[in-house]
Amino acid sequence: MKRTKVTNALLRTDFGADILVNGWVRSKRGSKGIFFIALNDGSTIKNIQIVVDLENFDEEMLKKITTGACLSVNGELVQSV
């Protein structure tokens, strides 16, 4: 799958499409069973929010993701509400 820059991902309107974004973690926060990661690749000042469901990922792996970590994320594009 071809990488999508964050600036282009934020402009897309084909919600439900699978996309691949790469970037650095600006922040990470979590609550019951879900984590939110703000990811940025330098193509825009804005971040894209990655929503991580703990049922699908190892919590120990998520503990290793800290500010400044480099990630490659493949997932479904969902409209922000």
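Biologist: Leaving aside neighbours within four places in sequence, which residues is Gly33 in contact with?
Modeller: In this predicted model, Gly33 is found in the loop between β1 and β2. Once the neighbours within four places in sequence are left aside, the residues in contact with Gly33 are Val52, Asp53 and Leu54.

Biologist: Is Gly33 buried, partly exposed or exposed?
Modeller: A residue counts as buried under 20% relative accessible area and as exposed over 50%, with partly exposed in between. Gly33 has a relative accessible area of 35%, and therefore the word for Gly33 is partly exposed.

Biologist: What phi does Gly33 take in the hairpin of β1 and β2?
Modeller: The hairpin of β1 and β2 has two residues between the strands, and Gly33 takes a phi there that is positive. The value for Gly33 is near 75°.

Biologist: How many bridges join β1 to β2, and which residue in β2 is the bridge partner of Trp24?
Modeller: In general, strands of a sheet pair through backbone hydrogen bonds, either parallel or antiparallel. Strand β1, residues 18–31, and β2 run antiparallel, and the bridges that join them number seven. The partner of Trp24 in β2 is Asn40.

Biologist: What is the order of the strands in the sheet, and why is one side of β3 and of β4 left without a neighbour?
Modeller: The open sheet has four strands with antiparallel pairing, in the order β3-β2-β1-β4. Because β3 and β4 stand at the edges, each has a single partner strand, and so one side of each has no neighbour in the sheet. On average, and with direction ignored, neighbouring strands of this sheet are turned against each other by 55°.

Biologist: Which residues form the covered face of β3?
Modeller: As a general rule, the side chains in a regular strand alternate between the two faces of the sheet. In β3, the uncovered face holds Gln49, Val51 and Asp53. The covered face of β3 is made of Ile48, Ile50 and Val52.

Biologist: What is the relative accessible area of Ile48, and is Ile48 buried or exposed?
Modeller: Ile48 lies in strand β3, where Ile48 belongs to the covered face. A residue is called buried when its relative accessible area is under 20%. Ile48 is therefore buried, with a relative accessible area of 10%.

Biologist: How far apart are the C-alpha atoms of Ile48 and Ala38?
Modeller: Six bridges join β2 to β3, and these two strands run antiparallel. Ile48 stands opposite Leu39, while the bridge partner of Ala38 in β3 is Gln49. Ile48 and Ala38 are ten residues apart along the chain, and their C-alpha atoms are separated by 5.7 Å.

Biologist: Where is Thr44 placed, and which backbone nitrogen lies 3.3 Å from a polar atom of its side chain?
Modeller: Thr44 has its place in the loop between β2 (34–40) and β3 (48–53). Thr44 is buried, with a relative accessible area of 19%, and, not counting residues up to four places away in sequence, Thr44 touches Val6, Thr7 and Leu10. The backbone nitrogen at 3.3 Å from the side chain of Thr44 is that of Lys46.

Biologist: Which residues of the largest nonpolar core touch the most other members?
Modeller: The largest nonpolar core has 17 residues, and those that touch the most other members are Val21, Val25, Ile37, Leu39, Ile50 and Leu71. The elements that give two or more residues to this core are α1, β1, β2, β3 and β4 (70–76).

Biologist: Is Thr4 buried or exposed, and what is its relative accessible area?
Modeller: Thr4 has its place in the segment before α1 (6–11). Not counting residues up to four places away in sequence, Thr4 touches Ala9, Arg12, Ile19, Leu20 and Val21. Thr4 is buried, and its relative accessible area is 12%.

Biologist: Which element of the chain has the lowest mean pLDDT?
Modeller: For the chain, the mean pLDDT is 93, and 100% of the residues reach 70 or more. Among the elements, α1 has the highest mean, 97, and the lowest, 83, belongs to helix α2.

Note on methods
Residues are numbered from 1 along each chain as its sequence is written. This is a predicted model: local features need pLDDT of at least 70, side-chain atom pairs count only at pLDDT 80 or more; totals for chains, interfaces and linings use all residues. Side-chain values use heavy atoms; hydrogens and water are left out. Buried means under 20% relative accessible area, exposed over 50%, partly exposed in between (1.4 Å probe, protein chains only). A polar contact is a pair of N or O atoms within 3.5 Å; within protein, one must be able to donate a hydrogen and the other to accept it, and residues adjacent in sequence count only if both atoms are side-chain atoms. Contact means heavy atoms within 4.5 Å. Two strands pair if DSSP finds at least two bridges between them. A nonpolar core is a set of buried Ala, Val, Leu, Ile, Met, Phe, Trp, Tyr and Cys residues joined through side-chain atoms within 4.5 Å. Axes are lines fitted to C-alpha atoms, for helices over the stretch in contact, and angles run from 0 to 180 degrees between N-to-C directions. pLDDT is the predictor's confidence in each residue, from 0 to 100.
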